[in-house]
Amino acid sequence: MKTLAIIGAGDLGQQIAHFALSDKHYDSVVFFDDYTTQDQIKNIPVLGTINNVVSAYNNNQFDELIIGIGYKHLEVRKTIYDTFKDQVPFGKIIHSSCYVDQTAKIGQGCVIYPKVNLDANTEVKENCILNINCTIAHDSVIGSHSFLSPRVAIAGFVNVEEQCILGINATIIDNITITSKTQLGAGTVVIKSIEKQGLYVGNPAKFIR
Ligand SMILES: CC(=O)SCCNC(=O)CCNC(=O)[C@H](O)C(C)(C)COP(=O)(O)OP(=O)(O)OC[C@H]1O[C@@H](n2cnc3c(N)ncnc32)[C@H](O)[C@@H]1OP(=O)(O)O
């Protein structure tokens, strides 16, 4: 019997719970959430707030932890990960429909949604979310705490640094580096490395703020 704890019982947390159970990575799920007043959400018990996580783990109420906080709060995602990484084991979910080359590396705390492709020598660092249908080509790296929306396409030898938000259908050509905390809008096409943090949109990608 293996139980997953998810921090955040909102939409993302509920999606992670769905994959955890339906794709049979865990036998049961519990939530921790600082905002809900409900004691269960969609039949999943809410065991308390974030302050209760360590004691619940020490009381054997769950086995592994994943963070269900999304792209609007990546700094919070990172802070929570750093707070708990030496106290509680993080899990990871790689949906069974993904193609993951045997040389690919995926860090703790990651959730890899259905039909993601991870080619040879790719690396997804800890605490990332990769949404449905993303394709990461050979030798590319996704930095920690990043959020990739559906169908992001990344060519070979790309380095996306930490805490990036890549919008749906964003495309990055080969041999590009994207600096940390960069956000790409939907459908953005990156053809030159991005060195200045901010929000980029369009084809080719342009800085807007
Ligand atoms: C499973 C899931 O659902 S995961 C989530 C998936 N969702 C996404 O990927 C959403 C991505 N978000 C976007 O693309 C948004 O449009 C953002 C974040 C880039 C900008 O949103 P806002 O801050 O509201 O900016 P706003 O809509 O005011 O646009 C600012 C300017 O950029 C332009 N713009 C906004 N988005 C884009 C885009 N994707 N491509 C090209 N131009 C764009 C707008 O036309 C506007 O131009 P103007 O100033 O000349 O009128």
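A residue counts as buried when its relative accessible area is under 20%, as exposed when that area is over 50%, and as partly exposed in between (1.4 Å probe, protein chains only). By that rule G185, at 14% relative accessibility, is buried. The structure above is a predicted model, where local features need pLDDT of at least 70, side-chain atom pairs count only at pLDDT 80 or more, and totals for chains, interfaces and linings use all residues. Residues are numbered from 1 along each chain as its sequence is written, and side-chain values use heavy atoms, with hydrogens and water left out.

Here is a friendly tour, topic by topic.

**Two annotated spans**

- UniProt, in an unreviewed entry, places the feature "domain: PglD N-terminal" at residues 4-83. UniProt positions are given in the numbering used here, feature names are shortened, and annotations may be inferred rather than shown by experiment.
- Over residues 4-83 the chain is 35% helix and 25% strand, with its end C-alpha atoms 18 Å apart. Helices (H or I, at least four residues) and strands (E, at least two) are DSSP runs, numbered from the N terminus.
- The unreviewed UniProt entry also places "domain: Mannose-1-phosphate guanyltransferase C-terminal" at residues 96-185.
- Residues 96-185 are 0% helix and 33% strand, and the end C-alpha atoms of this span lie 28 Å apart.

**Aromatic rings and a charge over a ring**

- How many aromatic pairs does a search of the whole structure find? The search finds 6. Rings of Phe, Tyr and Trp (its six-membered ring) pair if their centres lie within 6.5 Å; planes under 30 degrees apart count as stacked, over 60 as edge-to-face and the rest as tilted.
- One of these pairs is F32 with F62: the ring centres are 5.9 Å apart and the planes meet at 65 degrees, so the pair is edge-to-face.
- This pair links distant parts of the chain, 30 residues apart: F32 sits in strand 2 (residues 28-32), while F62 is in the loop between helix 2 (53-58) and strand 5 (64-67).
- F32 is buried because its relative accessibility is 1%, and F62 is buried because its value is 2%.
- Y81 and F90 form a tilted aromatic pair, with 4.4 Å from centre to centre and 40 degrees between the planes. Both Y81 and F90 are buried.
- Ring pairs also join F32, Y57 and F62 into a cluster.
- K196 lies over the face of F207, 3.9 Å from the ring centre. A charge sits over a ring if NZ of Lys or CZ of Arg is within 6 Å of the ring centre and within 35 degrees of the ring normal.

**The largest pocket**

- On a 1 Å grid over the protein atoms alone, a pocket is an open set of points where a 1.4 Å probe fits, with protein on both sides within 12 Å along at least five of seven lines; lining residues have an atom within 4 Å of a point.
- The largest pocket holds about 520 Å³ of space. Grid points are joined across faces, edges and corners, and a volume is the space filled by probe spheres set on the points.
- Which residues are the closest to the centre of the largest pocket? Of the 21 lining residues, they are G8, G68, I69, G70 and H73.
- Helix 1 (11-22) and helix 3 (74-84) each supply at least two lining residues. Helix 1 gives the largest share, 3 residues.
- By class, the lining has 11 nonpolar, 6 polar and 4 charged residues. Ala, Val, Leu, Ile, Met, Phe, Trp, Tyr, Cys and Pro count as nonpolar, Asp, Glu, Lys and Arg as charged, and the others, Gly among them, as polar.

**Backbone details**

- Most residues other than glycine have a negative phi, and most peptide bonds are trans.
- K115, which is not a glycine, has a positive phi of about 65 degrees. K115 is in the loop between strand 9 (111-112) and strand 10 (117-118), and its 52% relative accessibility makes it exposed.
- N133, also not a glycine, has a positive phi of about 70 degrees. N133 is in the loop between strand 12 (129-130) and strand 13 (135-136), and is partly exposed at 38%.
- N203 and P204 are joined by a cis peptide bond, with omega about 0 degrees. P204 lies in the loop between strand 23 (199-201) and strand 24 (206-207).
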